[in-house]
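Here is a short report on one chain, written for a reader who works with models.

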Amino acid sequence: MTESRRPSRGNRANPSKSGDGGAGKARAGKGGPNTRPRQPRRPDDAGVDQPRLAARDVLRAVRERDAYANLVLPGLLRDRKMDGRDAALATELAYGASRARGLLDAVIAAGAGRSVDEIDGPLLDVLRLGAYQLLRTRIAPHAAVATSVDLVRGEFGGGKAGFVNAVLRRVAEKSEDQWVAELAPDAASDPVGHLAFEYAHPVWIAQAFADALGADAAELEAVLAADDARPVVHLVARPGEISAEELALVTGGEVGPYSPYAVHLDGGDPGQLDAVREGLAGVQDEGSQLVARALTLAPVVGDDGGRWLDLCAGPGGKAALLGALADIEGARVDAVEPAEHRADLVRKTTRGLPVDVHVADGREPGLAPGYDRVLVDAPCTGLGALRRRPEARWRRQPSDVAALVKLQRELLASAISLVRPGGVVLYSTCSPHLSETVAVVADAVRRHGVVPLDTRELVPGVPDLGEGPGVQLWPHRHGTDAMFMAALRKPE
Ligand SMILES: C[S@@+](CC[C@H](N)C(=O)[O-])C[C@H]1O[C@@H](n2cnc3c(N)ncnc32)[C@H](O)[C@@H]1O
C-alpha cells in the first residue's frame, strides 16, 4: 500500500503516469468561480488514470449528493471491473482524501490564496485528491500533479487544468509536517486545536474525545491517529454455525482478542468470502460483538424467562448475534426498527433465528412489558466509528447532538418501562461523546431509579476499562470502534 502518515515522497511506491502532461505551461489564478464560465466537455476518460478517476467520482458523489464513500466505492469498483492494485489505490485515495478533508482544504486554500468555498466543486475534488497524494502518500509528486491535471483537462479544458496544476505545485513545495507547522493552531496555547488540525478532525470532535478520555486526555493523539488508520475488517462467526477458529482458518484471518466470535482480516472485500455469503459469518466490529454478548451475560434477578428485546435493531448486526445466542439459550428476541428498509435488513440477517422483527418506534413499540433483557443500541452521532466512515467527521455537526440525546433518553426510558423488575437494560452507543453516554445514563438513574451494574464484568478479559461502572472501548486501546455500554438493572 502507498499510505503513510509521514511520507517520504521521493520514494516511488506506485506505478503512476509520468511527465507533467503539459502542466508546466499552466498559470495560477485560473479555474476559480471568477473565471469566464466554460461549457463542461464530455469527460474524456480514455487517457485518464482509472484508480484516480474512481476516487474522484467517489469524492464528487459525497460532495454533490451527500453519498457515503464506503457505500459508493464498492459498487463503482465492481461496475468498472477494478480489482487488485487498482482497487486498492482507488480505495486508499477516496477514503484517505475524504478523511483528511479539513487538513487538505486548509493547505489547498493556502496554495490557492483563496478560501476553498471560492473554488468550483469539481476542481476542489481533484485538488483534494492531488493534495492527499502529495501530503500523505509516497506517490511521486510529478505523478500526483500530472494525473490531477489530466482529470481536469479531460472534462473542463486547459484553463482550469492550469489552475489545478498551479495550486498543487504550491502544495508540493512543503511536506505535511511543514504545512502543519505553518497553518495549525499553536500547540502550547491550543493543544486540542493543534492535534485536531494535524490529524484532520473537526475541533469539536477532538474536544469530545478529550472530554471522554478525561484524566487520560494525553491519549488524544493516539485516538486521533487510530481514527485515521485504515481499519482492519472484523468478522463475527455466527455461534452455532462456525467457531472463530474455523472462520479464521477458512478466511486466512486471525482470531480477535476479546470477543469469542471475532476474526480480524487484513483487507479484501469480506462480501466475497464464502463464509459471509453462506451466512456463517457477518461483518461486525468486535466492539459491537462485545455489546451484544454483554447483554446476554448481564446478571438478572431470578430465572431468565427468555424474553429479550433489541429496541433499535436496524440494520441487524447485534440482532443477528443476539438471535444466534438466544437460539442456544432457548430464548426469543423481539427486534424493533422504525425504518422499513432497515427492518428488512434485520429480517435478512436474522433469517432462521428466533427473532421477530417489528416495524415500530422504540419509544412506543406496542409490545407487552416484562422483558428479561433489553438492548438500547441508540441512534447516535457515530463519533466512535469514524475510521469506518471516511467522510462522516466532516458531515456531523455539534448541533446534531442535542436532538440525538433527547431521542436517546426517550428510548432508554421506554426500555426501562418494558424490562421486568430484576431485568437488565443495556444502553450502548457507537459514540464516546459524554452527552450521549454517561449523561444519558445518569439522567435515567436519576429519573427512573435504575441501578448501574459494573459493566466491566460483562466484557471479561478486556483490559484498560477505567473505573466503571460504564465501559468505554477505544480504537487505540482495544482495536474496536469507540463503543460505550452501561448495564442498568430495574429494581424489584
Ligand atoms: C446505532 S443503530 C443500531 C445498530 C444495530 N443495533 C446493529 O447492531 O446493527 C440505531 C438504529 O436505531 C434506529 N432508530 C432511529 N430512531 C428510532 C426509534 N425512534 N426507535 C427505534 N429505533 C430507532 C435507526 O434507524 C438505526 O437503525
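Leaving aside neighbours within four places in sequence, Cys430 is in contact with Cys380, Gly382, Gly384, Ala385, Asp481 and Met483. Contact means that the C-beta atoms of two residues, placed from the backbone, lie within 7 Å. UniProt lists Cys430 under "active site", in an unreviewed entry. UniProt positions follow the numbering used here, feature names are shortened, and annotations may be inferred rather than shown by experiment. Cys430 sits in the loop between β9 (419-429) and α19 (438-448). Helices (H or I, at least four residues) and strands (E, at least two) are DSSP runs, numbered from the N terminus.

Is Cys430 buried or exposed? Cys430 counts as buried because 27 C-beta neighbours fall inside 10 Å. The cut-offs are these: buried at 20 or more other C-beta atoms within 10 Å of a residue's own, exposed at 12 or fewer, partly exposed in between, with C-beta atoms placed from the backbone.

This is a predicted model: local features need pLDDT of at least 70, side-chain atom pairs count only at pLDDT 80 or more, and totals for chains, interfaces and linings use all residues. Residues are numbered from 1 along each chain as its sequence is written.

The unreviewed UniProt entry annotates residues 209-491 as "domain: SAM-dependent MTase RsmB/NOP-type". Over residues 209-491 the chain is 35% helix and 19% strand. The end C-alpha atoms of that stretch are 33 Å apart.

Ala, Val, Leu, Ile, Met, Phe, Trp, Tyr, Cys and Pro count as nonpolar, Asp, Glu, Lys and Arg as charged, and the others, Gly among them, as polar.

Val333 belongs to strand β6 (residues 332-336). Val333 is buried because 29 other C-beta atoms lie within 10 Å. Beyond four places in sequence, its contacts are Trp308, Asp310, Ala319, Leu322, Gly323, Ala326, Pro354 and Val355. Val333 and Asp304 are 29 residues apart in sequence and 13 Å apart in space, C-alpha to C-alpha.

**Backbone exceptions**

Most residues other than glycine have a negative phi, and most peptide bonds are trans. The table lists exceptions in this model.

| Site | Feature | Value |
|---|---|---|
| Gly314 and Pro315 | cis peptide bond | omega about 0° |
| Gly468 and Pro469 | cis peptide bond | omega about -5° |
| Lys81 | positive phi | near 55° |
| Asp464 | positive phi | near 55° |
| Ala200, following α9 | positive phi | near 55° |

Pro315 lies in the loop between β5 (307-310) and α15 (317-329). Pro469 is in the loop between β10 (451-452) and β11 (471-472). Asp464 is also found in the loop between β10 and β11. Asp464 is exposed because 12 other C-beta atoms lie within 10 Å. Lys81 occupies the loop between α2 (69-79) and α3 (84-99). Lys81 is exposed because 9 other C-beta atoms lie within 10 Å.

**Domains and helix packing**

The domain assignment gives domain 1 (23-177), domain 2 (184-228), domain 3 (233-283) and domain 4 (286-489). Such bounds come from an automatic or database assignment. Five residues of domain 1 are in contact with four residues of domain 2. Helix α4 (residues 101-112) supplies the largest share of the domain 1 side, three residues. That side divides into two nonpolar, one polar and two charged residues.

Helix α9 (191-198) has Val192, Leu195, Ala196, Phe197 and Glu198 buried. Their cover includes α4, α8 (176-183), α10 and α11. In α11 (residues 220-228), Leu220, Val223, Leu224, Ala226, Asp227 and Asp228 are buried. The buried residues of α11 pack against α3, α9, α10 (203-213) and α20 (475-478).

Helix α5 (residues 121-136) has 16 residues. From first C-alpha to last it reaches 22 Å, close to the 22 Å expected at 1.5 Å a residue. The expected span is 1.5 Å times one less than the number of residues. Helix α5 is mostly covered, with 15 of its 16 residues buried.
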